Amino acid sequence: MKRCLGDTRMGIRIQHMIQQWIGNTADRLYDHMSVVSSRISSVSSMLKDSGVRAQFIKQPDKICILPKDIKDILYNYKGIRKKEYEKLIHSIKNGIIKNNNLVEFITEVMQYIPLLDIERKLFVEALLQINWTNRSSQVIFTYKLFLQNLACMQTFHTNIVINCLVELFKPKNNIEHEIGQFKDEDVERLNHIHDILREILRVVPMSNKDLLEALDSNFPFYLVHGTYIHEIYLYALLEILNYAPQLRRNILSLIIRKLVTLDANVPCEEVNNDEDMVEDDCINNGIGDNDNLTKINSGIDKSRTTHPTARILDSCLELFFKYMHEFCFVNDVLQMKNLEIMYSDIVYAFEKEILNMYGIRYVQYIMFYMCSFGQLRISIEEKFTNWLWREVVVKPNSTVPPIYRQTAVCYISSLLANASFISPQLVETMIFKLTQWLNKYITSQEYSEYIEDYAKHIVFYSVCQAFFYLFVARYKHFVFDLKYEKFLQNLSLSISKIVTCKLNPLKMCDTKIVHAFAQTTRTYGLAYCDSVIEYNERNQLPIFGMDSHLPVLIPNFFPFESYTLEHSGRRITPLFYNNMANIDCRSVNKCE
């Protein structure tokens with residue numbers, strides 16, 4: 001009994017001692033944490049109040065000291081000096097090198113360029129990462145000389161050297177600026193880069209391909225880079241043409257291809273907002289002033305075009321237009337040789353990058369602007385329309401896609417209808433070609449068993465619509481001038497044959513164009529299309545149980561009818577016929 005009681009008291013005493021120890025330990029731990037917390041708060045407050053935190057976080061990289069025995073390190077980079085070789089690469093990439101040390105180091109490395117083979121690629125890549133464009137003039141001179149020697153002596157490094165140089169075309173930050181106005185430091189940087197590229201292209205002709213690939217892969221992306229970066233990069237590309245004319249055609253094609261991408265990504269609302277302001281007033285206003293197909297373009301509120309992609313495209317097109325003008329005109333005097341070179345290169349790019357693109361709104365005006373420059377043996381606009389016409393009237397068994405031919409004839413009619421520099425004689429010639437081709441086609445299909453198959457005649461309908469559109473826009477040149485009386489008589493016969501043929505083009509062409517054409521020809525007694533139009537309208541009335549809907553075959557594409565970009569538009573808008581741009585027939589520019 002006593003033993004049990006003693007054991008119980010002993011257990012209570014031990015339990016009490018354990019609780020007391022735990023309590024004392026917790027108190028000491030709390031006091032320690034309080035001291036640590038107060039110290040941390042004190043240090044944090046000191047860092048915050050004194051700005052030490054920012055200095056600590058933004059502490060500059062360590063200034064590195066470069067070794068003197070570069071030759072031995074490069075010789076034994078896999079052997080006894082491997083660690084020093086790796087440390088050297090790390091120091092070049094991450095450390096700060098003083099100007100004097102960098103000049104000495106680069107000068108010494110130039111002596112051992114023959115050692116910089118493909119196996120020492122990491123060392124070469126580290127050297128190419130050195131920020132040299134904002135250093136002292138001595139550093140810049142030495143580094144430029146090093147890059148030239150490296151690219152010319154070790155040609156397997158030429159590609160990476162050129163790529164690094166092209167990357168430097170783009171400034172690090174986008175800034176607000178006036179179009180065509182660049183910062184002095186950016187222009188100076190570009191000049192240094194061009195000096196190196198000029199020498200590389202001269203010594204290593206095979207580097208032309210490397211340069212073109214680098215220009216393409218490093219072109220700014222509109223979702224990432226701003227207007228200034230795009231503009232200065234484009235400026236750099238155009239500067240290359242001054243010392244590498246052999247690359248002019250390829251670089252111009254590259255630029256136009258990138259501009260087409262920008263054009264395709266400008267939201268349709270940027271155009272539609274401007275067009276909707278005037279569209280309702282453009283319909284059926286009579287034929288006296290050509291207003292049934294046209295509307296003054298200068299009254300459009302161009303300030304609405306504020307989308308970032310539209311601003312980028314606007315500034316780039318303005319820079320491109322400026323280059324074209326300065327290349328073809330010296331002291332405002334047209335240089336015929338330069339004009340011929342520019343025309344050849346632009347037409348090449350137009351065929352490759354623009355003609356096969358449907359629905360773009362601005363980039364095609366490069367060709368429009370080109371046509372306004374003047375004439376060679378024949379006028380540029382006539383030469384261009386003849387080239388387009390050859391694309392339309394291909395051989396019957398040709399493999400040229402119909403949509404390609406349709407687009408070509410759309411360009412012909414839109415250019416001749418809307419450009420102020422087009423002569424009446426050129427319009428007369430083209431109307432004659434259009435109607436002559438149409439009459440021959442009608443004759444060839446007179447007994448065809450596919451006369452009702454509209455899809456087989458889509459090029460014919462596109463040529464018809466182009467003729468209707470062009471005549472309504474330019475009929476004043478002929479109906480008020482007696483010297484065109486014979487031309488109008490022959491044209492009247494052609495029109496009658498076209499509108500009454502079995503192919504029935506008035507049924508397939510755009511309704512607005514058809515009605516405007518019918519009203520014009522009726523007013524001047526050239527043809528009477530109303531009966532055919534009424535017949536077509538009756539046959540198109542919906543009938544229960546029958547599908548009377550006609551497939552949409554004819555593209556309503558009028559590439560030269562309006563231009564709403566603000567800065568580049570100052571060069572284009574005055575070139576419209578009577579300073580007007582076609583709006584009423586615009587259906588392609590409407591986005592569904």
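Which helix holds both glutamate 125 and lysine 121, and how many residues apart are they? I started my notes there, keeping in mind that this is a predicted model.

**Entry 1, helix H6.** I found both residues in helix H6, which covers residues 121–128. Glutamate 125 and lysine 121 sit four residues apart, about one turn of the helix. I then checked the side chains: the two form a salt bridge, with 4.0 Å between the closest N and O atoms.

Next I looked up aspartate 186 and arginine 189, which both lie in helix H9 (residues 184–203). The spacing here is three residues, again about one turn of the helix. Their salt bridge has its closest N and O atoms 2.6 Å apart. Buried or exposed, I wondered, for aspartate 186 and arginine 189? Both turned out to be buried.

I moved on to glutamate 84 and arginine 81, whose side chains meet in a salt bridge at 2.5 Å, N to O. Arginine 81 has 10% relative accessibility, so I put arginine 81 down as buried, the cut-off being under 20%. Glutamate 84 is at 36%, which means partly exposed.

Asp216, Arg257, Lys258 and Glu353 are linked in a network of salt bridges. For the whole count, I wrote down 17 salt bridges.

Key: Residues numbered from 1 in each chain as written. Predicted model: local features only at pLDDT ≥ 70, side-chain atom pairs only at ≥ 80, totals over all residues. Heavy atoms only, no water. Buried < 20%, exposed > 50% of the residue type's maximum accessible area, 1.4 Å probe, protein only. Helix = DSSP H or I, 4+ residues; strand = E, 2+ residues; numbered from the N terminus.
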